[in-house]
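Reader: Please show me how to read a protein model, taking one feature after another and giving the general idea before the case.

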Amino acid sequence: MWHKKAKGRKIHVCLTKDEIAKMLEVAPNIRDQTLIYFGYYTGFRVSEISHTIKSDISFDDNTIKVREGKGSKDRIIAMHPTLRKVMEFWTETIKPDGFIFAGRKGKSLGSRQIHRIIKDTAKLAGIAKNVHPHTLRHSIAQNLFKDGMSIVTISRFLGHEDVSTTQIY
């Protein structure tokens, strides 16, 4: 049921753990590497990545909050131990006071910038697939499923209202 192609939909591109590791290895700078870690381990949509602010990350509770995700819904996810280490380093080194991934003048990185970073890094890694920010979301879902996580749990993690939405991943 997980791998079925939904009627009228294309099968989503997913990256293996090795391909994710290769992207992280070749990322040209710490910002791009952190962005890839963040996008993969949170499964956030590109707009959710773009709008994450420092106060959304709680190292005390080991969580990250999505404010007004798709459908204007909030959700809180547990922070993966690897991501926690990366985000502790990022917040201590960069010291963001607003958006976690800020561009010029403290504004958030836009969707296009994030898209370019992900696509360019995949190309540098020699990945011939059509990789974009949502690919990281599909990839974490697939990899969690392969590791034995239930589809219901993955659905909650991704912020889907209906498990059938997760099944197309």
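This is a predicted model: local features need pLDDT of at least 70, side-chain atom pairs count only at pLDDT 80 or more; totals for chains, interfaces and linings use all residues.

Reader: Which residues of helix 5 are buried, and why do they line one face of the helix?

Author: An α-helix has 3.6 residues a turn, so residues three or four places apart point the same way. In helix 5 the buried residues are Ile114, Ile117, Ile118, Thr121 and Ala122. Viewed down the helix axis, they fall within an arc of 125 degrees, so they line one face of helix 5; the arc is that of the directions from the axis to the C-beta atoms. The cover over these buried residues includes helix 1 (17-26), helix 2 (30-42), helix 3 (46-50) and helix 6 (133-146), where helices (H or I, at least four residues) and strands (E, at least two) are DSSP runs numbered from the N terminus. Just after helix 5, glycine 126 takes a positive phi of about 80 degrees.

Reader: What is the order of the strands in the open sheet?

Author: Strands of a sheet pair through backbone hydrogen bonds, either parallel or antiparallel. Here an open sheet of three strands has the order 1-2-3, with antiparallel pairing, and two strands count as paired if DSSP finds at least two bridges between them. Strand 1 (57-58) and strand 3 (75-78) stand at the edges with a single partner strand each, so one side of each has no neighbour in the sheet. Strand 2 (residues 63-66) is joined to strand 3 by four bridges in the antiparallel sense, and isoleucine 64 has isoleucine 77 in strand 3 as its bridge partner.

Reader: How many aromatic pairs are there?

Author: A pair of aromatic rings is described by the distance of the centres and the angle of the planes. The count comes to five aromatic pairs, taking rings of Phe, Tyr and Trp (its six-membered ring) with centres within 6.5 Å, and calling planes under 30 degrees apart stacked, over 60 edge-to-face and the rest tilted. One of them joins phenylalanine 38 and phenylalanine 101 edge-to-face, at 5.5 Å centre to centre and with 70 degrees between the planes. This pair links distant parts of the chain, 63 residues apart, with phenylalanine 38 in helix 2 and phenylalanine 101 in the loop between helix 4 (81-94) and helix 5.

Reader: Where is threonine 52, and is it buried or exposed?

Author: Threonine 52 lies in the loop between helix 3 and strand 1, and it is buried, with a relative accessible area of 1%. Its side chain reaches the backbone oxygen of glutamate 48 at 2.7 Å. Leaving aside neighbours within four places in sequence, threonine 52 is in contact (heavy atoms within 4.5 Å) with residues including Phe38 and Phe44.

Terms used:
Residues are numbered from 1 along each chain as its sequence is written. Side-chain values use heavy atoms; hydrogens and water are left out. Buried means under 20% relative accessible area, exposed over 50%, partly exposed in between (1.4 Å probe, protein chains only). A polar contact is a pair of N or O atoms within 3.5 Å; within protein, one must be able to donate a hydrogen and the other to accept it, and residues adjacent in sequence count only if both atoms are side-chain atoms.
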